[in-house]
Amino acid sequence: MRTQARAGLALALLAALLLAACGGGAADAPRVEVRAVTPAPVDTPAPTTATVSAADPDEPPELIVSADVVAQGSAILVSVTGGVREGEAAFLGRVHPLGQGEFSKYTVIGVGMEAPPGEHPLVVRFTLANGSAGVFERRIDVRETAWETAHIVYEGEPGAIPLDDAERAREEALLAETYGLETPDKLWSGGWRAPAGGPVTSHFGEVRSYNDGPSGARHGGADFGAPEGTPVYAANGGRVALARQLAVRGGMVVIDHGGGVLSGYAHLSAFAVAEGQTVRRGQLIAQVGNTGLSTAAHLHWEISVHGVLVDPLRFTDGRNGF
Ligand SMILES: [Zn+2]
C-alpha cells in the first residue's frame, strides 16, 4: 500500500544509519556436509531413581526448533535437550555456540530481512557429557516477506542536516560493538512485551522511497507513535549494555538479553536505568522523546540477534513461535 509521509532528510539518514547496524543475511548458504543423526550410545548405568532432569547425562538429546517455516525478519529458537555438554548451530553461513538455557542448550538465530528465500539446512553439532559427538540436521524453509513501501516527501537541502561524519562513524562502531555482544548467560525468559503503548507507525523492513526516487534504505526496527514522556519498558530481562546520548539515535538504551540477543530503544528523552544495571521484563527504563535525528516524538525499537536486525514485533505477537 502506498502511504504518504512527510519527513526531513534526517529521517532518511536515520533509516540508512539504522540499517547500517544490520549484519544482513549471507548471500549464499554454504554447502554443509551432514552426517545422519547419531546420538552416541550411552553406556553408563540407568539412573536408579525415577527423577530425570534436563541435565541428566543419560537422557538422549533431542533437537527442538521453534519453527520449520520462517519469514524473512524472524528469529528461530534452537534448543537441544538431554545430556548435552556443548554444541553449535550453523545456519545461512553463520555458526553460533549453544548457550545454557533453563532446560536445555539453546541459541537464537536471526533471519535477516534479506535472507535468501528457500530451504536451508540447520545443522546442530553437539557433544554429549560422555564425550561422544552427534549431529542434527533440519531443513528450514525461509519465506519471502511482503515488505511495505513508504513514499516519503521531504523538503530542504541535504546540507542543512548537521551531521558530522566522524561522529556518525563512531556511533555506528559503538552500536556494532554493542550488538555484537555474546553474553553466554540467558537473561531473558518467557514471553516478550511491547516496550511502549501507542500505534505502530512504521514497521520493520519498510522500504523507503524519497520524493518518488528509487527505493533505498530499509527500516531496521518498529516505531511506536507516542508523546514525549511516555514510559518505555524493558521488553524482557537483561542487563543494560548502553544508556547514553547519541547523535543520530538520540537518547539510546540497549539491553543485552544474553546469547547474542539485544534490544535497542532510541530517541529517548530520559533514562531510568544506567549501563551495567540488571533489568527485569516490564521494568521502566526510559521515556519516549524526540532526540537525535527524529522529526516527531516516537520510540524506535529494534532487536538484534547475533548482529542481525530482525522484526521486534514478531517477538511480541507470537509469530516467531516462542
Ligand atoms: Zn524507527
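## A quick tour of the strands

In strand S8, glutamine 100 has lysine 105 as its bridge partner. That pair belongs to a predicted model, where local features need pLDDT of at least 70, side-chain atom pairs count only at pLDDT 80 or more, and totals for chains, interfaces and linings use all residues. Residues are numbered from 1 along each chain as its sequence is written.

**The overall picture**

- The protein's secondary structure comes to three helices and 24 strands; helices (H or I, at least four residues) and strands (E, at least two) are DSSP runs, numbered from the N terminus.
- Of the 322 residues in the protein, 43% are buried, where buried takes 20 or more other C-beta atoms within 10 Å of a residue's own, exposed takes 12 or fewer, partly exposed is in between, and C-beta atoms are placed from the backbone.
- Take the contacts between residues at least 6 apart in sequence: 70% of them join residues at least 24 apart. A contact here has the two C-beta atoms, placed from the backbone, within 7 Å.

**The four-strand sheet**

- Four strands form an open sheet in the order S2-S4-S8-S7, with antiparallel pairing; strands pair if DSSP finds at least two bridges between them.
- S2 and S7 (99-100) are the edge strands, each pairing on one side only.
- S7 and S8 (residues 105-110) run antiparallel and are joined by two bridges.

**A look at glutamate 62**

- You'll find glutamate 62 in strand S2, which covers residues 62-65.
- Glutamate 62 counts as partly exposed because it has 13 C-beta neighbours inside 10 Å.
- Setting aside neighbours within four places in sequence, glutamate 62 is in contact with Thr81 and Gly82.
- Glutamate 62 and serine 104 are 42 residues apart along the chain, and their C-alpha atoms are separated by 9.6 Å.

**Strand S17 and its partners**

- S17 (residues 238-246) and S18 (residues 250-256) run antiparallel, with seven bridges joining them.
- Three residues make the link in the hairpin that joins S17 to S18.
- Within that pairing, alanine 243 has valine 253 in S18 as its bridge partner.
- S17 also runs antiparallel to S21 (residues 278-279), and two bridges join them.
- Arginine 239 has its bridge partner in S21 too, namely threonine 278.
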